[in-house]
Amino acid sequence: MSDKPHLGREHGQHLYRQMLRIRHFEAKCAELYQAQKIRGFLHLYDGEEAVAVGIMETLEDRDSVVATYRDHGHALARGLPMGPLMAEMYGKVEGCARGRGGSMHFFDRERRFFGGNAIVGGGLPLALGIAMADKEFETGGLAACFFGEGAAGEGEFHESMNLAQLWELPVLFVCENNLYAMGMPLELAEAETEISRKAAAYRMAGEAVDGMNPVAVESAARRAVEAIRAGNGPYFLECRTYRFRPHSMFDAQLYRTRDEIEVWKERDPIPRTLAWLQENAMITPDELAAIEAEVEAEIEDAVAFAENGTWEDVADLEKFVLMDEVQA
Amino acid sequence: MNEQTGTPGTNRMTYREACRQAIRHALIDDSRTFLMGEDVGLYGGCYAVSKGLLQEFGPGRIRDTPLAEAAFVGAGIGAAMAGMRPIVEIMTCNFSLLALDQIMNNAATIPHMSGGQFAVPLVIRMATGGGRQLAAQHSHSLEGWFAHIPGLKVLVPGTIEDARFMLKAALADPNPVLIFEHIVLYNEEGELDPEVEEVDIAKARVRRPGSDVSILTYGNSLPKSLEAAEELAKEGMEAEVVDLRVLRPLDNATIFDSVSRTRRCVIVDEGWKSGSISAEIAARLAEDVFFELDAPIRRVCSREVPVPYAAHMEEAALPQVGQIVEAARGLVGAR
């Protein structure tokens, strides 16, 4: 790693474990997709794990998360249990949204996970409102809002950036800049490709950070969260990252070269973090084996949970179209 | 501000004042409620509905927003999901199209899509309709469009009483509720019954009983329909005027009951005829009370044009009393 902040053994291993959970969980998802256990759209987060993991380390229970349709990593790093996530992808009623949302729409009220949003830019305004409530109720919480660089093309992005800064709302904007909006390369989509400069145009504090390095993301996020909690309004983090896999399961990747992918893979946060832990004698082979075994067991349990799940009664199809009450 | 801006000593007030009092009381009743929208504060509201409220409640609860419909409507949704009870004003329904993503993809879907974990107890008020020579981009009637969307409730206050009390019921509802206030009605004056302190937001209501034909309508077409009914009465035809009040969910029972009794029906809707709420009602009548009908269902809707500026052209584009009378008259004698 380029910058070597003081990082304890336990925490370093924790970051590694979190990223590994996401990577292996999604490898299983891809396998289950081929087996047709999972259907619909499936957007994998491979390569971007350091972003979600680094950010979530800095959040507390009182904080809220607004995620994108590529939300598996956000959900796992936020602490949503793996079983209900897998069950959700199976479409089972034990899923984290009763099988109503699927891969793109994980929700968890208890963990203040306000959903994976599948309209690019559509989640940003929600984060403003959640932050308004945080401010009004003086919870001290903030809303962390994830979106890709493609969102910068949307009006909702610009409207939200302005309003958040204007009203000094406690929002942590996390731009996962993976260089492609589906297949649209950043340089073909934006006149200004330095996304963090767009934040500056709204007088918003912000910075760009190496999104392939969980430690760098975490340290930047700590600065951001500290500034937000101090009442300084929103903060913008552009995390420069890359997705190794296709956009979804239906993508021939005509818009980028294999070479480009290979170059980025050299910066894969997972082996790099492991190598760094090993070089610094912060992990023993036994500890590594234990982490891997734990992760595999967790995934196995999640699959079993999903397999053993049940289908929602069709009689409940219209349930919750209109709510009977607002939950406390 | 006090509540004496109507005629002193009476309960007489304008529709605008009724809307204003509704918001004022909502703000007094619940500290989680705030009003947010374009020009609601300093300017006093595009249609002067929120005049004086900024001075009374301050900028935290009367929030002027930039011209950013998607952001402030979405913020209202997020705030509602996180425990507040926002009233979002979209200046006119014409601008609601800039926030359609938030209304349709978020407010209407999240309760169901989250498996019932997140309610969206939000109220969105907007002005609707034509008749003020504001031309095509300021004269749309989009309430019927929004009534297409599961997950929303759509209210259309056509009376002073509904303008005064629907908001309270809407805020008490755990769902996103859209209230369409007709621009022509803001200046209408009427007497509020001092006994009435609340209204439901579930039922259509018979505003004028009659036995010969049912006129089903809402919003600014309600006063037009009542006027048409008076004309028809002079000819010996008693029209029953049903104020739909709620376009989603539609109150089938009241509609079917009225039409089953009168056996004839005219639907008056300021929306365009194709794919309109009037089309939906006509279809439901055809499906469920077909054999009660003595005559074909008639509709008086806006002409299928962008509403033009010139007064005579605009008048020709929107439903008018004469057309309603004529439509009803054409059904008499049909057995």
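**Chain B, overall**

I began with the secondary structure of chain B and counted 12 helices and 14 strands, where helices (H or I, at least four residues) and strands (E, at least two) are DSSP runs numbered from the N terminus. I noted that this is a predicted model, in which local features need pLDDT of at least 70 and side-chain atom pairs count only at pLDDT 80 or more, while totals for chains, interfaces and linings use all residues. Residues are numbered from 1 along each chain as its sequence is written, and chains are lettered from A and ligands numbered from 1 in the order in which they are written.

I then looked up the dimensions of chain B, whose C-alpha trace spans about 60 × 50 × 40 Å along its principal axes. Its radius of gyration is 20 Å, which agrees with the value near 20 Å for a compact globule of 335 residues; the radius is taken over C-alpha atoms, and the globule rule is 2.2 Å times the number of residues to the power 0.38. Buried residues make up 56% of the 335 residues in chain B. For this I used the rule that a residue is buried if 20 or more other C-beta atoms lie within 10 Å of its own, exposed if 12 or fewer, and partly exposed in between, with C-beta atoms placed from the backbone.

I also checked the contacts in chain B between residues at least 6 apart in sequence, and 77% of them join residues at least 24 apart; two residues are in contact if their C-beta atoms, placed from the backbone, lie within 7 Å.

**The two domains of chain B**

I found chain B divided into domain 1 (12-191) and domain 2 (205-329), with bounds that come from an automatic or database domain assignment. The C-alpha centres of the two domains of chain B lie 26 Å apart, and their contact takes 22 residues from domain 1 and 23 residues from domain 2. On the domain 1 side, the elements of chain B that give two or more residues are α6 (143-146), β6 (153-155) and β7 (177-182), and β6(B) gives the most, with 3 residues. That side divides into 10 nonpolar, 9 polar and 3 charged residues, where Ala, Val, Leu, Ile, Met, Phe, Trp, Tyr, Cys and Pro count as nonpolar, Asp, Glu, Lys and Arg as charged, and the others, Gly among them, as polar.

Strand β14 (residues 298-302) of chain B is mostly covered, with 4 of its 5 residues buried.

B:Pro249 sits in the loop between β12 (246-248) and α9 (252-262) of chain B.

**Where chain B meets chain A**

I looked up the contact between the chains, which takes 34 residues from chain B and 37 residues from chain A. On the chain B side, α3 (69-81), α4 (100-107) and α5 (110-113) of chain B are the elements that give two or more residues, and α3(B) supplies the largest share, 10 residues. By class, I found 19 nonpolar, 14 polar and 1 charged residues on that side.

**Chain A**

I turned to chain A, which comes to 12 helices and 8 strands. Its radius of gyration is 19 Å, close to the 20 Å that the globule rule gives for 328 residues, so chain A is as compact as a globular protein of that length. Of those 328 residues, 52% count as buried.

I picked out helix α4 (residues 82-90) of chain A, which is largely enclosed by the rest of the structure because 9 of its 9 residues are buried. What covers them includes α1 (9-34), α3 (72-78) and α12 (285-307) of chain A.

A:Arg98 is buried, with 24 other C-beta atoms within 10 Å, whereas A:Ala281 is exposed, with 8.
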